[in-house]
Amino acid sequence: MSSRSVLDRAGAVEGQPFILAADGTYDLNLNRFLRELDSWGVTAKNSIAGYSRDVMLFCRFLHESRGAKPIWECDGEDLRAYKRIRLRSGPDSVSVGTWNRGIAALDKWVAWSTYEGLLERMPFRYVDKTVMTPEGPRTVTVNSEYVEDPEDEPARFVSFEDYLLWRDVGLRGELPEGGRDRSWRGRNGERNAMFADVVVHTRMRLGEASSLLVPEIPPLVLGRRVTGDVHLSKAVTKRNKARTVFMTLRTLRSLHHYIEIERDELVTRRLAAGGYARADDVVLARRTGRHALTVAAGRSWAYSKIAPEDRRRLALMDADGAPGAPLWLWLGEDGQPLQTSTWQSAFRRANQRCAKFGIDIEIHPHTLRHVYAVHMLGLLLRQTVRALGRREDRRLTRAELKRLLVGNPMRKLQQLLGHARESTVYAYLDVLDEAQEVVLAAMTEWDAQTAVLERVEVAA
């Protein structure tokens with residue numbers, strides 16, 4: 001029996017985090033809490049990993065600094081001591097946002113443990129406070145060690161020109177003035193640049209873009225300005241809410257070029273070397289469509305129901321019934337599906353390379369959503385100004401900007417980015433206030449590259 005079968009029979013889920021004590025023992029109840037996070041509203045894989053790490057760090061603190069106290073015996077004084085260490089000034093300190101995320105993880109543990117009857121008392125103190133919501137003021141109960149962020153970090157504006165410079169120098173290995181850097185030893189520059197272009201032009205989150213399957217990519221239909229849409233499965237999106245993003249002709253053409261040339265050449269080499277014949281946990285697909293595939297057993301499996309860990313196991317079945325090419329879009333040099341962490345490492349190396357050349361541009365995968373959002377907001381504003389019959393070259397005051405934006409365009413931007421609340425996208429107002437040219441000219445070049453706007457109706 002394969003190791004995969006043993007784990008499946010035991011109910012183990014690939015990627016499920018667990019915590020071991022310093023002596024190697026396994027706390028059944030604490031790890032049961034981690035397994036049941038998804039039924040307590042924490043469903044995203046990255047969120048589960050983050051909550052697990054936050055709980056683990058608190059347990060480590062209790063062991064190393066509080067007399068090896070188990071988490072089940074902790075109290076408010078332990079949390080205050082932990083806060084003094086985590087938020088103290090110095091290179092090892094964490095941001096307020098990181099601290100508050102840790103508080104959220106511990107609060108979730110308290111709620112679960114109380115429900116399960118595992119805590120005799122509430123270990124932490126909670127207070128009522130009034131907060132403003134889109135529906136007006138509301139009283140909520142919060143952990144007394146929660147910290148008010150004096151000022152939320154503003155969305156960092158990176159112009160599209162800066163993005164292109166960062167991409168070419170950091171990911172492709174070019175010199176700042178153009179041309180190939182002969183000292184650069186990277187071998188996946190074009191693939192990595194293609195991934196960044198897909199994210200910046202579609203506003204996908206890292207987990208969404210990295211989990212795409214080849215058959216989910218729309219076909220290249222020439223003669224149309226917008227050639228296709230990508231249906232993001234609820235199995236890979238944040239909050240398990242499916243949504244659709246649109247690819248422009250330029251992005252889609254480049255992506256098909258990667259699939260049909262670079263990726264196909266890699267897969268052909270690996271097949272010739274028998275690189276896929278040794279896989280023992282692969283799921284074979286007889287046929288694939290835009291929304292579902294047919295597995296070897298003959299049943300249909302919708303992409304909306306295939307989680308990332310299962311997507312990595314999918315492969316086409318060849319004429320002899322053996323594993324063929326993986327269906328996972330992004331492949332490493334070994335022909336195997338890339339992990340999400342690979343992209344984070346690639347972006348980190350790109351930042352380091354740009355810094356070496358004195359280029360003060362730092363981009364992370366989520367930064368590209370900000371680039372998209374700011375430029376799309378400029379497009380939406382431009383369309384609104386046109387609809388109102390206003391001159392596009394006239395400078396707008398902040399009050400006029402808000403009157404134009406807080407209505408339909410902000411709602412549209414919220415929908416495009418896949419946020420649950422419209423208020424989440426208000427941060428981009430500050431960027432527009434400091435970069436007036438975004439309103440008037442930033443999207444001129446994007447009109448050719450980002451034809452998404454034609455799919456967005458703007459009220460006249």
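These are my notes from a look through a predicted model of one protein chain.

**Ground rules.** Numbering starts at 1 along each chain as its sequence is written, and I left hydrogens and water out, using heavy atoms for side-chain values. Because the model is predicted, I asked for pLDDT of at least 70 for local features and 80 or more for side-chain atom pairs, while totals for chains, interfaces and linings use all residues.

**Overview.** I counted 17 helices and 9 strands; these are DSSP runs numbered from the N terminus (helices H or I, at least four residues; strands E, at least two). Of the 460 residues, 45% count as buried, meaning under 20% relative accessible area, with exposed over 50% and partly exposed in between (1.4 Å probe, protein chains only). I also checked contacts, i.e. heavy atoms within 4.5 Å. Among those with a separation of 6 or more, 63% join residues 24 or more positions apart.

**Helices 2 and 3.** I took helix 2 (residues 28-35) against helix 3 (residues 45-65): their axes come within 10 Å and cross at roughly 155°. Axes here are lines fitted to C-alpha atoms, for helices over the stretch in contact, and angles run from 0 to 180 degrees between N-to-C directions. Leu30, Phe33 and Leu34 of helix 2 meet Ile48, Ser52, Val55 and Cys59 of helix 3.

**Helix 5.** Does the length of helix 5 (residues 96-115) agree or disagree with its residue count? It agrees: 20 residues at 1.5 Å each should span 28 Å, and the end C-alpha atoms are 28 Å apart. The expected span is 1.5 Å times one less than the number of residues. Its buried residues include Trp99, Trp109 and Trp112. Just after the helix I found Gly117 with a positive phi of about 75°.

**Helix 9.** I ran the length check on helix 9 (residues 249-272) too: its 24 residues should span 34 Å, and the ends are 33 Å apart, which agrees. His256 and Arg263 are among its buried residues. Gly274 follows the helix, with a positive phi near 70°.

**Arg353.** I then went to Arg353 in helix 11 (residues 340-356). Buried or exposed? Arg353 is buried, at 8% relative accessible area. Leaving out residues up to four places away in sequence, Arg353 touches Val169, Gly170, Gly173, Glu174, Asp181 and Trp184. Gly170 is 183 residues from Arg353 in sequence, yet 5.5 Å away C-alpha to C-alpha.
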